[in-house]
Amino acid sequence: TWREDTLAMSQLIRLPHIPESVLKDISAFDIVDGHREKTLSLLWALMGTFCTVTLVNYDQLKTEIIWAIRSNEAAFDNPDMTIAEITNTNPTNLKACQTLLQRWAQALNARVGNDVPNLTTSFASGTAYRNIINTYASYIPHVTQFSRNSNNTSNSRDSLSSTLAAMGCSSAFITLLLPNTSSSPSLSSGHTPIPTHDFTLTSLTFLASRLLPLAQTHRAASTIQRWFRLRLLPRQVSKRITAMRLAHDCAVVVNARDRVVQAAIVLQRVWRRVIDGRIRRLEGDVVRFQCVARGWLVRTQGQRRNVKGRVGW
């Protein structure tokens, strides 16, 4: 009922972390009547106030910030001091958590040369969000990285919208995060709406709660694969060494067989030469014997003719 909502709204106004700009235009009647924009604004304010500390794993967030700094230390004036400051930050209160979220966005954008000095105007164009999501795009299923320097604004916005939709973001959140200036009559003049500090922090909280688990899961799988490959490497090396030894033994056997075959060929060649020499000598002996035999026959026949002639005379 509106009385209960009025009581709840009066208690919310007393909370120190709820922005006054959110609650001053929202009444209990708006919530009871189902005013969509004001209800969503109230829910965003509540989530940004009470869920920032619990939605994000800040130990992992600090690890991500340190990784981003280490990957491009030239973009930071004093990376060691920044890392020490991040490490010593204790995310036990809302302000510390918000500081870590801002440092996370700044570190990821610094890797690609984009300066994010604040949480209002720096996030108006969507480039800061694009750089953050592009860092983790390879970890999102069915999403590929899109160009950071896309000249077509509508294509860039569509790519970022499809990526957010693949992460499970609702169309209302995508519309709030990436206002379409071409389709909104109030924004058709070309002026980009500037988000509030609290809205940007809430958006970063949501993105960190979705992107960090995906990155942790992907990197855990990569670590398991890397260790499995390291465990499998000795077996593969052993198999390769065995194959190399077997190939060497086979090569030795083949070389030995080739030497035996070559020796047999040499022996056959020498033996053929010996046989050919014997055949030539035998032919010479036969020819000489034939010559001697023909000479003896000729002489014998001549002697017989002489004997016959003398007797007949």
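Here is a chat about a predicted model of one protein chain.

Colleague: Hey, how many helices and strands are there in the chain?

Modeller: The chain has twelve helices and zero strands. Keep in mind that this is a predicted model.

Colleague: Okay, and what share of the residues is buried?

Modeller: Of the 313 residues in the chain, 29% are buried.

Colleague: Let's zoom in on α9. Is that helix mostly covered or mostly open?

Modeller: Mostly covered, with eight of its nine residues buried. Among them are Tyr129, Ile132 and Thr135.

Colleague: Why does Thr135 count as buried?

Modeller: Because its relative accessibility is 12%, and buried means under 20%.

Colleague: What does its side chain reach?

Modeller: The side chain of Thr135 gets to the backbone oxygen of Asn131, at 2.8 Å. Asn131 is another of the buried residues of α9. Setting aside neighbours within four places in sequence, Thr135 also touches Trp67, Leu108 and Arg111.

Colleague: Switching topic: which residues form the nonpolar patch on the surface?

Modeller: That patch is made of Trp227, Leu230, Leu233, Val237 and Ile241, with about 470 Å² of accessible area together.

Colleague: Where is Leu233, then?

Modeller: Leu233 sits in helix α12, which covers residues 197–312. Leu233 is partly exposed, since its relative accessible area is 41%.

Colleague: And why do residues three or four places apart in an α-helix point the same way?

Modeller: Because an α-helix has 3.6 residues a turn.

Key. Residues numbered from 1 in each chain as written. Predicted model: local features only at pLDDT ≥ 70, side-chain atom pairs only at ≥ 80, totals over all residues. Heavy atoms only, no water. Patch = residues over 30% accessible without salt bridge, like charges linked within 9 Å, V, L, I, M, F, W, Y side chains within 5 Å. Areas by Shrake-Rupley, 256 points an atom, 1.4 Å probe, with all protein chains shown as cover. Salt bridge = Lys/Arg side-chain N within 4 Å of Asp/Glu carboxyl O. Helix = DSSP H or I, 4+ residues; strand = E, 2+ residues; numbered from the N terminus. Buried < 20%, exposed > 50% of the residue type's maximum accessible area, 1.4 Å probe, protein only. Polar contact = N/O pair within 3.5 Å; in protein donor to acceptor, adjacent residues only side chain to side chain. Contact = heavy atoms within 4.5 Å.
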